[in-house]
Amino acid sequence: MRIMVLGLAALALASSANAQQAQPGFVQAVNPTRAEPQTAPIRPAQQRTIARLQAAALASDHAYQIVESLVTEVGPRLAASEAEARARDWAVAMLRANGFSNVRIEPFTIPFWDATREEAFIVAPGVARPMVAVALGGSPSTPAGGLEAQVVAFPNLAALEGAPNTEVAGRIVFIDEHMIATQDGSGYGVAVRKRGRCAPIAQAKGAAGCLIRSVGTDPHRFAHQGGASRQQDGASLPAMAISPADADVLARLAARCPTRVRLFIEAELRDNAPSGNVIAEIRGRERPDEIVLLAAHLDSWDSGQGAIDDGAGVAIISAAARLIRELPRRPRRTIRILLAGSEENGVHGGAAYGAAHAGENHIVALESDFGAGRVWRFDTRFGEQAMPYARAFQRALAPLGINPGNNEADGGADVGALRAAGVPVVDLSQDGLDYFNYHHTPDDTLNAIDRAALRQNVAAWATFVYLAADSDWVFSASR
Ligand SMILES: [Zn+2]
């Protein structure tokens with residue numbers, strides 16, 4: 001509100017250099033015909049606190065210690081598994097040890113899925129040769145003797161969609177779509193469609209099964225795990241991802257001669273399996289009902305350790321909130337940590353949180369779930385009147401080498417339900433150029449985390465969260 005009033009006064013203030021000096025923190029127009037955008041003021045005491053938080057974050061390996069503890073003491077933690085339950089207990093203990101309030105588990109149940117056998121072979125031409133393969137999450141089992149059929153290859157999902165049923169019926173579809181590495185991870189949105197949609201589209205055309213080139217950007221000989229669509233009646237097609245090197249061979253063979261593969265999947269499916277979210281808070285000193293929500297997810301795929309996906313996010317948000325908790329005075333608003341369960345197989349934790357907390361006043365929400373690379377850009381999804389606040393955040397983040405972004409932030413999967421309900425979101429966007437070399441693979445280990453980059457993430461999160469929580473700024477379009 002205050003910004004709106006000052007906005008009307010901007011031209012008058014701009015005509016006087018003295019007036020500009022009297023408004024520290026404001027970037028005012030010098031030439032009324034080329035007005036510079038306004039930036040909300042940050043109080044000097046807050047500036048000092050931000051500088052202190054950033055210095056403390058950049059000097060501390062606390063986040064690294066948190067993710068090291070998670071991957072060492074719990075390890076991989078498939079959604080709704082025993083290991084995920086242990087991860088919840090680990091999280092409760094970690095959050096309590098860091099002094100947060102209202103630490104609790106909010107349980108829910110989901111359909112559990114795990115593959116106990118996942119093998120794939122090229123069986124013709126020539127002698128049988130194994131491919132490195134993983135079953136896609138939600139895939140049904142193959143018959144006990146395996147599923148064998150001729151391969152029909154497509155360069156991408158659109159080509160499968162356009163193919164006549166006669167070309168596909170009775171065969172195992174192979175989608176050979178490559179993924180492009182980008183800093184912002186935008187290649188994933190395109191590439192991941194084949195993982196979710198291959199089986200249902202192929203099934204409608206009468207196919208016997210589905211293979212995809214792994215959704216990843218590495219040349220290594222391992223396959224990337226990930227969820228696919230599972231139909232309620234469990235009658236989906238068996239679906240697997242194969243390593244890039246095996247996809248290369250299969251593509252070359254299928255282009256030369258009729259090529260047959262045999263797939264073995266044994267999947268365990270269980271309904272109403274226990275999962276849950278873990279919540280912790282720093283209660284606001286003046287406006288406890290106004291919530292700044294920090295999210296990451298606790299579950300992981302199980303071929304690696306779940307270090308960058310998403311142990312890093314758990315560590316970044318917990319360490320950043322801990323720095324704020326150590327300040328002499330709590331911020332005005334409540335800071336709430338959401339460590340979501342069962343993100344990987346359908347964002348169940350985010351949906352459960354959104355349903356359970358729909359009536360609460362979320363001021364802004366954000367998630368850390370893109371690995372451990374440095375934050376390089378700050379994006380918002382604010383109402384237009386709140387753009388001066390976006391610029392204030394940008395200025396506070398600039399010393400960390402973070403660039404201003406756009407007003408089309410996604411927020412992250414686990415805050416998607418809140419975003420859909422109109423809650424403003426931001427992205428502290430991480431450099432993801434190599435993220436999909438590791439994502440959902442055996443190489444998602446602690447070794448993929450750079451300590452200095454992790455420290456910079458904590459500094460960025462502490463900066464944003466402190467400033468959002470210690471203000472009365474409103475970011476939504478509707479108010
Ligand atoms: Zn993730």
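At what angle do the axes of helix 12 and helix 15 cross? I looked this up before anything else, in what is a predicted model.

**Entry: helix 12 and helix 15**

I find that helix 12 (residues 387–397) and helix 15 (residues 451–469) have axes that come within 10 Å and cross at roughly 145°. I record the crossing of helix 12 and helix 15 as right-handed. On the side of helix 12, I list Phe393, Ala396 and Leu397 in the contact; from helix 15, Ala460, Thr463, Phe464 and Leu467 meet them. I classified the residues of this contact as six nonpolar, one polar and no charged.

I then turned to helix 15 by itself. Its end C-alpha atoms are 27 Å apart, which agrees with the 27 Å that 19 residues should span at 1.5 Å a residue. I note that helix 15 is mostly covered, as 16 of its 19 residues are buried.

**Entry: helix 8**

I checked the length of helix 8 (residues 186–204) next. From first C-alpha to last, its 19 residues reach 28 Å, close to the 27 Å expected at 1.5 Å a residue. Where does helix 8 bend? I locate the bend, of about 50°, at Arg197, with the proline Pro200 following within four residues. After helix 8 comes Gly206, and I read its phi as positive, near 90°.

I listed the buried residues of helix 8 as Tyr188, Ala191, Lys194, Arg195, Cys198, Ala199, Ile201, Ala202 and Gln203. I traced the elements against which the buried residues of helix 8 pack: the helices are helix 6 (157–162), helix 7 (165–168) and helix 14 (435–438), and the strands are strand 5 (172–175), strand 6 (209–213) and strand 7 (239–242).

**Entry: His178**

I place His178 in the loop between strand 5 and helix 8. Is His178 buried or partly exposed? I count His178 as partly exposed, because it has 14 C-beta neighbours inside 10 Å, whereas a buried residue needs 20 or more.

**Entry: Ser141**

I find Ser141 in the loop between strand 3 (133–135) and strand 4 (147–154). Ser141 has 18 other C-beta atoms within 10 Å and is therefore partly exposed. Which residues does Ser141 contact, leaving aside its neighbours within four places in sequence? I record Ile265, Glu266 and Ala267.

How values were computed:
Residues are numbered from 1 along each chain as its sequence is written. This is a predicted model: local features need pLDDT of at least 70, side-chain atom pairs count only at pLDDT 80 or more; totals for chains, interfaces and linings use all residues. Axes are lines fitted to C-alpha atoms, for helices over the stretch in contact, and angles run from 0 to 180 degrees between N-to-C directions. Helices (H or I, at least four residues) and strands (E, at least two) are DSSP runs, numbered from the N terminus. A crossing is left-handed if the near helix is turned anticlockwise from the far one by less than a right angle, and right-handed if clockwise. Two residues are in contact if their C-beta atoms, placed from the backbone, lie within 7 Å. Ala, Val, Leu, Ile, Met, Phe, Trp, Tyr, Cys and Pro count as nonpolar, Asp, Glu, Lys and Arg as charged, and the others, Gly among them, as polar. The expected span of a helix is 1.5 Å times one less than its number of residues. The bend at a residue is the angle between axes fitted to the seven residues ending there and the seven starting there. A residue is buried if 20 or more other C-beta atoms lie within 10 Å of its own, exposed if 12 or fewer, and partly exposed in between; C-beta atoms are placed from the backbone.
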